[in-house]
Amino acid sequence: MTEDEIATCIQRASRGAQDAHRELYQRFHGAVRRVALGYSGLGPAEVEDVVQETFVRAFRELPRLQHPRAFGSWLVTIARHHSQALSRGAKVRGRAAEDLALELESTTPAIPPSLELERRVAVVRELIEGLPEGPEKETVRLFYLEGELSAREIAERLGLGKSAVTMRLERFRARVKRELLSRLLAAGVG
């Protein structure tokens, strides 16, 4: 695009011509993206935000642009300001997260491994107790609570095939994982 073509496109875009908006975007989005990529604190999503916000603001303010030939440098200035603002915000958030992590490390006592294991065992016991009475509960109880029988021995005791026992145990393990995940999410961890 020549400077005259760009000036004509800008005039059409300022009157709301969508095809002119597309042409300007196609012509200048690379330059705007390069400006945003120059800010190390910005990730891919923030770079896209800069590109989109720059064009939204530019198209909204386009009727006020006095010199259409200055459009490119004006657009880059908007992109630079938006990138700087996002980058400062990212740095502030990063420092705040680091400070919080350090504070938590220094104020929160570590949970002893034995206590953590106890908590997990309590969750498993609670889930087993919550199962409806029946063959699945009996299988899981024998395997996890008594803990001395193998899947083959449980199958023999219950008169089942080993594959039926392992299937019941797999279903229970999946239930435990879902429950632990939902508890972690409910507690705001993750």
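## Arginine 60 and its partner

Arginine 60 is exposed, with a relative accessibility of 56%, where exposed stands for over 50% relative accessible area, buried for under 20% and partly exposed for values in between, using a 1.4 Å probe and protein chains only. The side chain of arginine 60 meets that of glutamate 61 in a salt bridge at 3.9 Å, N to O, the term being used for a side-chain nitrogen of Lys or Arg within 4 Å of a carboxyl oxygen of Asp or Glu.

This is a predicted model, in which local features need pLDDT of at least 70 and side-chain atom pairs count only at pLDDT 80 or more, whereas totals for chains, interfaces and linings use all residues. Residues are numbered from 1 along each chain as its sequence is written, and side-chain values use heavy atoms, with hydrogens and water left out.

## Other salt bridges

Across the whole structure, a search finds 10 salt bridges. One of them pairs aspartate 4 with arginine 69, whose closest N and O atoms are 3.1 Å apart; this pair links distant parts of the chain, since aspartate 4 belongs to helix α1 and arginine 69 to the loop between α3 and α4, 65 residues apart. Helices here are DSSP runs of H or I with at least four residues, and strands are E runs with at least two, numbered from the N terminus. Aspartate 4 is partly exposed at 48% relative accessibility, while arginine 69 is exposed at 57%.

Aspartate 19 and arginine 12 also meet through their side chains in a salt bridge, at 2.4 Å from N to O. Aspartate 19 is partly exposed at 34% relative accessibility, and arginine 12 is likewise partly exposed, at 24%. Salt bridges with shared partners join Glu3, Asp4 and Arg69 into one network.

## Nonpolar cores

A nonpolar core is a set of buried Ala, Val, Leu, Ile, Met, Phe, Trp, Tyr and Cys residues joined through side-chain atoms within 4.5 Å. The largest has 25 residues, of which Ile10, Leu24, Phe28, Phe55, Leu62, Phe71 and Leu75 touch the most other members. At least two residues of this core come from each of α1 (3-14), α2 (18-37), α3 (44-61) and α4 (71-107). A second, separate core of 14 residues includes Val123, Ile154, Ala155 and Val165.

## Lysine 137

Lysine 137, in helix α6 (residues 135-146), counts as buried at 9% relative accessibility. Leaving aside neighbours within four places in sequence, lysine 137 is in contact with Ile128, Glu129, Leu131 and Pro132, contact being heavy atoms within 4.5 Å.
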